[in-house]
Amino acid sequence: MDVISHALWANALFRKKKWAELGIFFGIFPDVGFLPIILHVLFATPLPYEEALSSVPHYLFIPYFLLHSFVALGIVALILFIWAKEYLPALLGWFLHIIIDIPVHDGFFATRFIYPISNYGISGIPWTNVWIFVGNYLALGGIYLYLLIEQVGSEKKRKAIMSSGFSIYDIMKELKENKKGD
Ligand SMILES: [Zn+2]
């Protein structure tokens, strides 16, 4: 899935957690592994994209495969569990990234979720497929619209409580002043 979608899904799910920012960071982190590949394609070869991709040396794919693997995630989780437990829940962002990517990658780029133990991956429907792409953004649009409505609603409620609070305060003040006048 594209990086923006990963960030939006992670934000929608984790926005209320106190580790939300780190969760979103981990939600896009695995795609950092694509950088060596794209840098090679763009700058290290004059070949057009498709051919350039097949000219990328295999070791440049290793970070990408590792970061999309539950094995690497498990090792990092273990390290955080020992030394920095408070950051452990934020790894849910990384977990979510792999889960989302498994059904929407295929062929060579199929998510190798137990790499390097095995190269096994499910050949799904790539996220560049127009139905997957549009469906994904429609789902995100629906969720963010709901969140917006929810936010406007709670803002209205807050204002109503505030104003009713003030009117009670005003009545009390009035009563007190009337008493003084007696
Ligand atoms: Zn990814």
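**Entry 1: the model**
I noted before anything else that this is a predicted model.

**Entry 2: helix H1**
I began with H1, which covers residues 3-14. I counted twelve residues in H1 and found 16 Å from its first C-alpha to its last, close to the 16 Å expected at 1.5 Å a residue. Which residues of H1 are buried? I listed His6, Leu8, Trp9, Ala10 and Phe14.

**Entry 3: H1 against H2**
I reminded myself that two packed helices are described by the angle between their axes and the distance between the axes. I looked up both values for H1 and helix H2, residues 20-28: the angle is about 150 degrees, and the axes are 8 Å apart. An angle over 145 degrees counts as roughly antiparallel, so I wrote down that H1 and H2 are roughly antiparallel to each other. The crossing of H1 past H2 is right-handed. Next I checked which residues meet: from H1 they are Val3, His6, Ala7, Trp9, Ala10, Asn11 and Phe14, and from H2 they are Ala20, Gly23, Ile24, Gly27 and Ile28. Sorted by class, this contact has eight nonpolar residues, four polar ones and no charged ones.

**Entry 4: H1 against H7**
I then turned to helix H7, residues 92-101, whose axis comes within 10 Å of the axis of H1 and crosses it at roughly 130 degrees. H1 and H7 are therefore oblique to each other. This crossing, too, is listed as right-handed. On the H1 side I found His6, Trp9, Ala10, Leu13 and Phe14, and on the H7 side Gly93, Leu96, His97 and Ile100.

**Entry 5: Gly23**
I picked Gly23, a residue in helix H2. Is Gly23 buried or exposed? A residue needs 20 or more other C-beta atoms within 10 Å to be called buried, and Gly23 has 23, so Gly23 is buried. Apart from neighbours within four places in sequence, Gly23 is in contact with Ala10, Phe14, Lys17, Ala90, Leu92 and Gly93. I also looked up Gly23 and His58, which are 35 residues apart along the chain, and found their C-alpha atoms separated by 30 Å.

**Entry 6: Leu22**
I moved to Leu22, which also lies in H2. I found 18 C-beta neighbours inside 10 Å, so Leu22 counts as partly exposed. Which residues does Leu22 touch, not counting those up to four places away in sequence? I wrote down Tyr87 and Ala90. Leu22 and Leu91 are 69 residues apart along the chain, and their C-alpha atoms are separated by 8.2 Å.

**Entry 7: helix H6**
I looked at H6, residues 70-83, and counted 14 residues. From first C-alpha to last, H6 reaches 20 Å, close to the 20 Å expected at 1.5 Å a residue. I noted that H6 is hardly covered, with a count of one buried residue among its 14.

**Entry 8: a cis peptide bond**
I kept in mind that most peptide bonds are trans. I found a cis peptide bond joining Tyr115 and Pro116, with omega about 0 degrees. I placed Pro116 in the loop between H7 and helix H8, residues 130-181.

Conventions:
Residues are numbered from 1 along each chain as its sequence is written. This is a predicted model: local features need pLDDT of at least 70, side-chain atom pairs count only at pLDDT 80 or more; totals for chains, interfaces and linings use all residues. Axes are lines fitted to C-alpha atoms, for helices over the stretch in contact, and angles run from 0 to 180 degrees between N-to-C directions. Helices (H or I, at least four residues) and strands (E, at least two) are DSSP runs, numbered from the N terminus. Angles under 35 degrees count as roughly parallel, over 145 as roughly antiparallel, 65 to 115 as roughly perpendicular and the rest as oblique. A crossing is left-handed if the near helix is turned anticlockwise from the far one by less than a right angle, and right-handed if clockwise. Two residues are in contact if their C-beta atoms, placed from the backbone, lie within 7 Å. Ala, Val, Leu, Ile, Met, Phe, Trp, Tyr, Cys and Pro count as nonpolar, Asp, Glu, Lys and Arg as charged, and the others, Gly among them, as polar. A residue is buried if 20 or more other C-beta atoms lie within 10 Å of its own, exposed if 12 or fewer, and partly exposed in between; C-beta atoms are placed from the backbone. The expected span of a helix is 1.5 Å times one less than its number of residues.
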